Amino acid sequence: MNEKTFQALEFERILSGVRSFCINADGKEQTQLLMPQSDYTEAKRLLAETEEAFKILFQYTKEPIFVYDTLDSVLDKAAVFSVLTPGEILKVARLLRASRIFQTTVAELPDQSLTYVQGAAMALYLNKEFEKQVERCILSEDELSDHASEALYQIRRKIRKCNDDIKDKLASYTKSSNVSKYLQDNIVTIRGGRYVIPVKQEYRNMVQGLVHDQSATGATLFMEPIALVEANNTLRMLKSEEQAEIERILQALTGEVAGFVGGLRSDVEILSYWDLVFAKAKYANSIRAICPKLNSNGYIHIISGRHPLISKSKVVPVTIRLGREYRLLVITGPNTGGKTVTLKLTGLFCLMAMCGLFIPCEEGSEVSVFERIYCDVGDEQSIEQSLSTFSSHIKNVSFITENSNASTLILLDELGAGTDPAEGSALALAVTEFLLETGCKGIITTHYGELKEYSLTHSLIENASMDFDPNTFAPTYRLNIGVAGSSNAIEIANRLQLNAQIIQRARSFLSTEKTEFETVLRNAAQARHEAEEEREEIKRIKQIYEQKLIQLEEEASKLRERRESISKNARQEARRIIGDNLQDAEEIIAQMKELLDKEISEQTLLQARQLKKQLENMTVSTEEDEEQTVFSDELIPMDFREIKVGERVYVGSLKRNVIVDGINSRKKEITVTSGSVRTQVKAKDIFKEIEQKQQPKSQQKMRQPKRYTGEIKLQGSVTNEIKLLGKTVDEALPLVDALLDQAYLVGLHEVKIIHGVGTGALGRGIQGHLLGHAQVKSFRYGKYGEGEHGVTIVEIKPKK
C-alpha cells in the first residue's frame, strides 16, 4: 500500500477516530503502527480479535481497565538498578494492577470460545505480592509509610518524640517572663532544619544561643537557644537515619522490579495492543458497523454501505458488487452525484477490514484482502514540479498500470480527464483494456460515452450509474448497477438557470447519435423511477394490510380468550350449583335409608314416596338464557327502600335477573334465588330488571344416581339375583344397593350377585362394598354348582 492511497481514501481520519477511543498513551501509539494486512489469515485474525472485544463490551457489558502510566523510562532505570522513586514504583504497581484486572475480567466471562483475548490474558505477568508490598510501603509519590519497615517505624517514633520534647522546651522558653520580653513574637519556627525563636535585634546578647537567620529588615534574629542545641543535633541525626532507611527500602523495591522487568515490558505490549483492539470495537459501535465476511479472491459485496466520514444525517447507503461476474465497474452519472464517494468507500472498506476494523453496512456484506490497493482521486497539480492536473493524473496511472496484478484493487476517478475529450476517451479505453489483461479488480468513474458503450460489449466490465431525479435532475446518491448513466450537463446547467439561448445552442451542437443515446438513458432512468415508485407503493400497501391483519388476529385472540373465560366461569358456576344439589340429594337418600330401617307402614311408604318425588324433581338450571352482556350505561340502580319480596331484579355480579326472597334492611342486603341457589347481594350490586334478549334454553335435570338396570331374575314377585357382567365397579355398586334394599324390604334371606371371574376386580370391589353394609349379615363366593368365584352369595339381615 502506498501513502498516496491512504491520503486519497482519508485512512488517517479513520485511525484518528479509533485513536480517540484508546485509554492510554501506549494504545494511542499502537494506532500509528496499524497497517492493512494483505495476508488473509492475518487479516482474519485481526477481525476475530475485534469481534471478541465487541462481544465483551456490548454483549457481556464488561470492560477491562487499561489505565496505567507510560513506563519505558522507569523500566530502563530499573533494568540498570538505578533506584526508583516512590512515584515510579507506584507506576509499576498500577501496571500490575491493570494486568491483574484484565486477566480477572476475561476469566470471569461465561464464553470460553474467546480464544484470542483469553490467550492474551493468560500471557500477562502478575505479581500480587509486590502489589501488596507497594500498597503497604508507599503512601504517595513522595512519601513512604511508617510500616515500610520496622526500622523506619522505630526511627520515626523517635523523631516524633524528639520533636515533641523540643516543642515543649521551646513553649516553656517563650512563655518565660524572663525571655518572652526579648522576643519579636511568641512563636516557634524552623530555619535550616533546626528549631529557632524570633529574637529582637537589640536583645541578641540577652538570649544565649546560635543565630541561624534574620528577617529581611534585620530587626529579627532567628536564634537557636543554647539549651536546645543538643536536642536539635539529635533530631538531625534521626532525620539522616530516616533518609538512609528510605533509600534502603527503595533500593530493595527497585531490585525486585529489576527481577521482572521482562514481564512488565510484556504486559505493556499486551495491554497497549488490546487497548487498541477494544478501541476498534468501540469505534465500530460508534459508527454502527458490523464484522464483514472476508475472502481472498477479490470478491466485494457491500450491502447498504455508509461512508464513516460523512454525517449520519446526510449519508446515503450504497450497495456495491464487484469481482465475481465482472472485474471492473464503470460508474457514470452527473457531477456531485456520488461517484467519487462510492469509489473511495469501496477502497476504504477494504483497508478497514484488512486492519481488523468493522465496516458500517448491513449484515452479509463481504470484502476481500488485496496485495495492493491503488487510488487516483482528485487534482494533484504541482507548480513546483511543473505538473498539470492531466500530467499528475497520467503519472499516477502509469505507476498503477506498471504495478497491478490479479491481487490488486484499482480505483480511478475520471480516467482520461483533463485533456482533449477525444484523446482522453481513447486513453481511457486503452487503460481499461490493459487493466483487464492484468486481472485486477477495480472501479472507474467517467463521463466518456465511448467507455460506457465499450462496457456494454465486454463481459468482464459492468456499467453502473449514480441515480438522479428525472424531473429535477438533482442527484439521489444511489448506485444502480447494470445501467449506464447520463452526465446531464446541459440539463443541470438549465436547472441552474444558464441563459436559455446558450442551452438551446448547446443542444444543437450535439450529434444525433449522442442525443438519441442520452435520450434512451434518460427514458430508461424515468421508467426505472416509475417502477421503483410503484414497487414502494405496493410495499407500503402491503405493510398497511399486514398491520391490519395483525390487529385482526390480536382482536380475534382477545375474543377467544374472553369466550374461554366466560365459558370457564359458567362451568365453575354450574359445578357449584350441581355440588349444592348433590349435597341435598345425599341428604334425601340418607333419610330414605333411615325409613328402610323402620317397620313398613303406610306412613313410612308415604314419606318414601314424597322423598322419591322430591329427588326426581330436583333440576339444575343452566341459566344461560339469563346471563347476558350488559353495558354499564344500560344498568339502572335501584333504591333499596323500593325493593320488594318477590320482585325480579338484575344482579351485576351474577350477570342475570333473579327473584328477591328476603330483605335485610340493617345490612342493606337482599336474599335472592338464582336457579336453585340462594345467596345474599349488597345493595350497590342491585339494578332494575334487564329485558331478556333471547329465549331461555331448556333446563337440564341434575344427574341422578344410576337406577337399577341389570338383568334380574324374579322368584314370584321377588328379585333374588342380578347379573353385572361387563360392568365397572362404579356402575355395579348402585345396582347392588338397589337389590339389597329391595330384598330387605320384602324379607328375602339370600340373594345372588353374578359378576363373573375376569380379573377379579369387580368381585373384590363388590365384596369390599358389602363389608359393614346395613342390610348384609354375611357373604361368600359361590360353591361348586353355584358359580364358584363368578358369583357372590349374600345373606340378608332379618327385618327388625
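The largest nonpolar core holds 53 residues, and F11, I302, L329, M352, I373, L409 and L411 touch the most other members. Helix α13 (residues 339–354) gives this core its largest share, 9 residues. A second, separate core has 48 residues, including Y68, L71, A121 and V134. A nonpolar core is a set of buried Ala, Val, Leu, Ile, Met, Phe, Trp, Tyr and Cys residues joined through side-chain atoms within 4.5 Å. Buried means under 20% relative accessible area (1.4 Å probe, protein chains only).

This is a predicted model: local features need pLDDT of at least 70, side-chain atom pairs count only at pLDDT 80 or more, and totals for chains, interfaces and linings use all residues. Residues are numbered from 1 along each chain as its sequence is written, and side-chain values use heavy atoms, without hydrogens and water.

## Strand β14

Strand β14 (residues 441–445) is largely enclosed by the rest of the structure, because 5 of its 5 residues are buried. K441, I443 and T445 point one way, and G442 and I444 point the other. Helices (H or I, at least four residues) and strands (E, at least two) are DSSP runs, numbered from the N terminus.

## Partners of β14

Strand β10 (residues 328–332) runs parallel to β14, joined by 4 bridges. L328 stands opposite G442. Strand β13 (residues 408–412) also pairs with β14 in the parallel sense, over 4 bridges. Pairing needs at least two DSSP bridges between two strands. Here L409 stands opposite K441.

## Around L329

L329 is in contact (heavy atoms within 4.5 Å) with residues including G442, I443 and I444, leaving aside neighbours within four places in sequence.

Conventions: Buried means under 20% relative accessible area, exposed over 50%, partly exposed in between (1.4 Å probe, protein chains only).
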